[in-house]
Amino acid sequence: MTLQIYNTMSRTKEEFVPQEPGKVKMYVCGPTVYDYIHIGNARPVIFFDTVRGYLEQIGHEVNYVVNFTDVDDKLIRKAEQLSTDVPHVAETFIAAYYADLEGLGIPKASSNPRVTENMPLIIDFIRELVEKGFAYENGGDVYYRTGKFEKYGQLSKQNLQELQFGIRIGVDERKEHPEDFVLWKAAKPGEIFWSSPWGDGRPGWHIECSAMAREYLGDTLDIHGGGQDLQFPHHECECAQSEAITGAPLANYWMHNGFIRIDNEKMSKSLGNGVLVKDLRNQYKREAIRYFMLSTHYRNPLNFTEDTMEQAQNSVDRIANAVGNLRHRLGAVSVNQEVTPEFSARLDQIRQQYHEKMQDDFNTPDAITALFEWAAEANQLLQQDVVNATEIHALLELFGELNAVLRIYTDVEPELLDEDIERLIQERVEARKSKNWARADEIRDELSAQGILLEDTAQGMRWRRK
């Protein structure tokens, strides 16, 4: 099996071959930190975390960079609304972003560079473009000269004539051509600014990713990812900026996830139908949120409804029950035999199904199907009167492999401390004395689920961990 990735640049699936064997350089456009992230922002967060996880699972070392846009018009407006400054707004919502990541069970990226911490290299990048004739200054603003870059439109499959025809709004007279885009904005009175060869100002949106991707990962990325909405103009402009400087492709593989709709409507502020991740986490388990995001192929649109979330919750509960039942049954297992060839073959088939689907452009919906095949196998085993402990361990080991990337199950029960165990055992002794068999059985089951074995000895009840 070889990993196939749908490359937006070629519009075809291609075999994934990193530039350096065993190492992957991946850049994904991160949030503009002026507000809490919404469910649309969460889709690339969860999906590209899954990409990273699977690449690591098959043996790659992944350098995963996600940037923060911590200065732009939106942050300036938010600072005005809150009667504070831009750095305070950025710090507030970067902290909120990390809290959402933690709440979703997602590890941080390898690095999260910020625009404000990389201003010198952004200015140097713009200076290079000006020196090469790809950019020009007018009135303190600096613009990219799209007509000079012959491949402009290569990613979005548009040409300059089509883009010019599509312009409906008034064109900035300081531009040489309507489709030119800003690299450096002259500061308005009272705005945050940095000094540059063109006067005080701040960078345009597109330039930051070109500069930081080059600084942190080099001239050419293995994978550049983001939402479908970034394909044009953001990623198109990145290509133009970076390739004008380096002469090399900005990325060998471009990946874009589809949009999220809310009750079959486009999510927008005007409709007031946005769903914030922090609110979603209060309503649903993080495993259900992740299941919802991965249950549709990443390139397809995804529709959020209360019904789909309830279905996701039921699905992850079904998987969790299978895992819990297996672990519970280990406490009552009476045999420990070798796994039969037939049983081993069935597990290998499930493992192969998972990897085949993940290697087919990260087909997570069908990879999740392999988990339900696993659950069916687990439930069938548990129906037997006498269960082989070795087979349970083999099932749990396979589940760990499949779930390590999909992560739709989490061990959330804290391990009992010794004093808690002693207290429960004493409570069970008292329950048996008073013939409260239901409570006694309940405590026994609770301890067994925590991996605690009870033993009757001449000195009384003892316990040990499995």
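A cavity is a set of grid points where a 1.4 Å probe fits but cannot get out. In this predicted model, a search of the whole structure with that criterion finds 1 cavity of 30 Å³ or more. The volume of the largest cavity is about 30 Å³. Its lining is made up of Phe-125, Ser-210, Arg-214, Gly-218, Asp-219, Ser-242, Thr-246 and Leu-250. Helix H6 (205–217) and helix H7 (231–246) are the elements that give two or more residues to this lining.

We can turn next to the sheet. Four strands, in the order E5-E6-E7-E8, form an open sheet with antiparallel pairing. Strand E5 (135–138) and strand E8 (201–203) each have a single partner strand and stand at the edges, so one side of each is left without a neighbour in the sheet. On average, and with direction ignored, neighbouring strands of this sheet are turned by 20° against each other. Within the sheet, strand E6 (residues 141–144) pairs with strand E7 (residues 181–186) in the antiparallel sense over 3 bridges. Here Val-142 is found opposite Trp-184 in E7. Helix H4 (residues 119–131) lies across E5, E6, E7 and E8, and runs at about 125° to E7.

Asn-67 sits in the loop between strand E4 (61–66) and helix H2 (73–82). Its relative accessibility is 1%, and because buried means under 20%, Asn-67 counts as buried. The side chain of Asn-67 makes a polar contact of 3.4 Å with the side chain of Tyr-27, and another polar contact, of 3.1 Å, joins it to the side chain of Glu-208.

Leaving aside neighbours within four places in sequence, the contacts of Arg-52 are with Met-26, Val-62, Tyr-64, Pro-107, Lys-108, Ala-109 and Ser-110.

How values were computed. Residues are numbered from 1 along each chain as its sequence is written. This is a predicted model: local features need pLDDT of at least 70, side-chain atom pairs count only at pLDDT 80 or more; totals for chains, interfaces and linings use all residues. Side-chain values use heavy atoms; hydrogens and water are left out. Buried means under 20% relative accessible area, exposed over 50%, partly exposed in between (1.4 Å probe, protein chains only). A polar contact is a pair of N or O atoms within 3.5 Å; within protein, one must be able to donate a hydrogen and the other to accept it, and residues adjacent in sequence count only if both atoms are side-chain atoms. Two strands pair if DSSP finds at least two bridges between them. Axes are lines fitted to C-alpha atoms, for helices over the stretch in contact, and angles run from 0 to 180 degrees between N-to-C directions. Contact means heavy atoms within 4.5 Å. On a 1 Å grid over the protein atoms alone, a cavity is a set of points where a 1.4 Å probe fits but cannot get out, and a pocket is an open set with protein on both sides within 12 Å along at least five of seven lines; lining residues have an atom within 4 Å of a point. Grid points are joined across faces, edges and corners, and a volume is the space filled by probe spheres set on the points.
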